[in-house]
Amino acid sequence: MDSISFSVEGLQVLISGGCGGIGGAFAKAFLAHGAQVIVTDLQAPPEALLEAGARYAHLDVTSDEAVEALAKTIDRLDVLIHCAGKLSRWEEHKPEVFRNIVDIHLFGNVRLAAAFRPHLKQTRGCMINIASMYSYFGAPQVPAYASAKTAIVGLTKSLALAYAEDGIRVNAIAPGWIATDISRGGRENPEFNEKLMARLPNKRWADPEELAGTALFLASPASSLINGVTIPVDGGYTSS
Ligand SMILES: NC(=O)c1ccc[n+]([C@@H]2O[C@H](COP(=O)([O-])OP(=O)(O)OC[C@H]3O[C@@H](n4cnc5c(N)ncnc54)[C@H](O)[C@@H]3O)[C@@H](O)[C@H]2O)c1
């Protein structure tokens with residue numbers, strides 16, 4: 001290789017949960033670096049994302065039909081990122097709630113992967129899945145979330161092996177403690193925060209933008225040899 005390229009310019013990127021905190025930060029970062037971005041979500045896009053040049057499509061990742069129908073409308077895809085997510089503190093001990101949370105995080109990931117594999121095969125593209133600190137640690141308040149996030153590490157390895165024959169790389173990011181809507185309950189709980197800060201080396205909740213560099217890297221040619229891994233981006237939490 002003559003030179004190393006960190007460029008994502010001209011890539012077509014699709015982000016589920018793209019109107020949320022992390023998905024939105026990824027969308028802005030890819031757009032700022034010359035990629036084209038389609039954000040999909042249950043909720044409407046913030047005006048700022050549309051002004052930055054993102055396209056929007058409504059998508060519920062728990063629907064097989066909706067995911068397949070969306071895939072039919074998209075000609076080309078280089079990067080697929082599954083950012084849609086939800087948790088229900090303590091409610092996830094109920095089987096029907098557990099099922100819904102796993103459906104969004106884990107089956108949503110599987111649905112998107114299956115529907116867009118042909119697109120990614122054409123471009124020799126890549127997938128970026130979203131894991132969590134709860135991929136590594138138990139979470140009594142969100143057992144479905146933790147189960148799905150643990151499974152995403154295994155799914156990432158398995159799809160990386162299965163899709164290698166198509167030239168598709170599959171990796172994941174395990175975010176640490178990021179200030180978005182999904183983490184609001186934890187951020188606003190003094191007891192939870194005290195325990196967290198005692199262990200967290202950088203002693204602060206992070207901005208979603210602080211994850212974007214890793215996503216850009218994983219989508220760029222500079223990471224061509226990285227496949228099947230989950231990268232913690234966590235201010236040192238998993239090392240402590
Ligand atoms: N914020 C954190 O600290 C943190 C840490 C680890 C992992 N994560 C993961 O990062 C991802 C993004 O979360 P975030 O922090 O941006 O939270 P967020 O709540 O800001 O965004 C989540 C988005 O997913 C969308 N969504 C929910 N259900 C959906 C469905 N059925 N179909 C389509 N979209 C749906 C929501 O509308 C929302 O826009 C999630 O997978 C989350 O589990 C977040």
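A polar contact is a pair of N or O atoms within 3.5 Å; within protein, one atom must be able to donate a hydrogen and the other to accept it, and residues adjacent in sequence count only if both atoms are side-chain atoms. The structure is a predicted model, in which local features need pLDDT of at least 70 and side-chain atom pairs count only at pLDDT 80 or more, while totals for chains, interfaces and linings use all residues. Residues are numbered from 1 along each chain as its sequence is written, and side-chain values use heavy atoms, with hydrogens and water left out.

A nitrogen atom of the ligand lies 3.0 Å from a polar backbone atom of Val 61. Oxygen atoms of the ligand are also placed by side chains, with one found 2.8 Å from an N or O atom of Gln 43 and one 2.9 Å from an N or O atom of Lys 149. The ligand taken alone exposes 830 Å², of which the protein buries 92% (accessible areas by the Shrake-Rupley method with a 1.4 Å probe; for residues, only the protein chains shown count as cover).Eight aromatic pairs are counted, where rings of Phe, Tyr and Trp (its six-membered ring) pair if their centres lie within 6.5 Å, and planes under 30 degrees apart count as stacked, over 60 as edge-to-face and the rest as tilted. Phe 137 and Tyr 237 form an edge-to-face pair, because their ring centres are 5.8 Å apart and their planes stand at 90°.
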